[in-house]
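This report describes the architecture, the charged pairs and one surface patch of a single protein chain. The sequence and the structure are shown first.

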Amino acid sequence: QTQTIMLSNLIQEMSNNNVPSYEIVAPTVKRVVRNHFDCQTLDGARLSDPLLHPEHNECSFFNLDLRYHFDEDMTTIATNEDAAYAISPLSLALLEDSSWYKANFRAATTPTFGRGAGCGFVE
């Protein structure tokens, strides 16, 4: 049986200078990205540009945006040295926000890219 997950509460369209972008805005994800970048005004984790499927009136998201999450687990070029054995706080946050998992954040490996860089780095 196929299960449909409603993304309206998880992924939101944002607009900056009339340029749309999309972010994962789940509560734990929001807390993790705010703490990682040391920017308490962030709404969530920025996604890469979506692949649009106009004939089906839908779009697909596959990865976090490399400009902000360069060495994160859920990107196309994850560079974490221990990637085979590690999981980031952001990945754990997304799993926990799915309500399918209870994450142990003490076991996470925090990426260094952008850590503590402040709002100027991400806004």
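The sections below proceed from the overall fold to individual residues.

## Overall architecture

The model is a predicted one. The protein has 123 residues, of which 36% count as buried. Its secondary structure consists of three helices and five strands. Read from the N terminus, these elements follow the order β-β-α-β-β-β-α-α.

The protein exposes about 8200 Å², and carbon and sulfur atoms supply 50% of that area. Among contacts with a separation of 6 or more, 38% are made by residues 24 or more positions apart.

## The three-stranded sheet

An open sheet is formed by three strands in the order E1-E2-E3, with antiparallel pairing. Strand E1 (11-16) and strand E3 (45-46) are the edge strands, each of them pairing on one side only.

E1 and strand E2 (residues 19-24) run antiparallel and are joined by six bridges. Within this pairing, Ser-15 has Pro-20 of E2 as its bridge partner.

## Salt bridges

The count of salt bridges comes to three. One of them is formed by Glu-23 and Arg-46, whose closest N and O atoms are 3.5 Å apart. This pair links distant parts of the chain, since Glu-23 belongs to strand E2 and Arg-46 to strand E3, 23 residues apart. Both Glu-23 and Arg-46 are buried.

A salt bridge also connects Glu-96 and Lys-102, where the closest N and O atoms are 3.8 Å apart. Are the two partners buried or exposed? Glu-96 counts as buried because its relative accessible area is 17%, which falls under the 20% limit for that class. Lys-102 counts as exposed because its relative accessibility is 74%, and the limit there is over 50%.

## The surroundings of Asp-65

Asp-65 is located in the loop between strand E5 (58-60) and helix H2 (89-97). Its side chain meets that of Arg-67 in a salt bridge, with an N to O distance of 2.5 Å. The side chains of Asp-65 and Arg-67 also make a polar contact at 2.5 Å.

Arg-67 is exposed because its relative accessible area is 53%, a value over the 50% cut-off.

Which residues does Asp-65 touch, leaving aside those up to four places away in sequence? They are Arg-46, Leu-47 and Ser-48. Of these, Arg-46 is also the salt-bridge partner of Glu-23.

## A nonpolar surface patch

Leu-95, Trp-100 and Tyr-101 form a nonpolar patch on the surface. Together, the three residues have about 350 Å² of accessible area.

Trp-100 counts as exposed because its relative accessibility is 54%, a value over the 50% cut-off.

Methods: Residues are numbered from 1 along each chain as its sequence is written. This is a predicted model: local features need pLDDT of at least 70, side-chain atom pairs count only at pLDDT 80 or more; totals for chains, interfaces and linings use all residues. Side-chain values use heavy atoms; hydrogens and water are left out. Helices (H or I, at least four residues) and strands (E, at least two) are DSSP runs, numbered from the N terminus. A polar contact is a pair of N or O atoms within 3.5 Å; within protein, one must be able to donate a hydrogen and the other to accept it, and residues adjacent in sequence count only if both atoms are side-chain atoms. Contact means heavy atoms within 4.5 Å. Patches are made of residues with over 30% relative accessible area and no salt bridge: like charges are joined within 9 Å, nonpolar side chains (Val, Leu, Ile, Met, Phe, Trp, Tyr) within 5 Å. Accessible areas come from the Shrake-Rupley method with a 1.4 Å probe; for residues, only the protein chains shown count as cover. A salt bridge is a side-chain nitrogen of Lys or Arg within 4 Å of a carboxyl oxygen of Asp or Glu. Buried means under 20% relative accessible area, exposed over 50%, partly exposed in between (1.4 Å probe, protein chains only). Two strands pair if DSSP finds at least two bridges between them.
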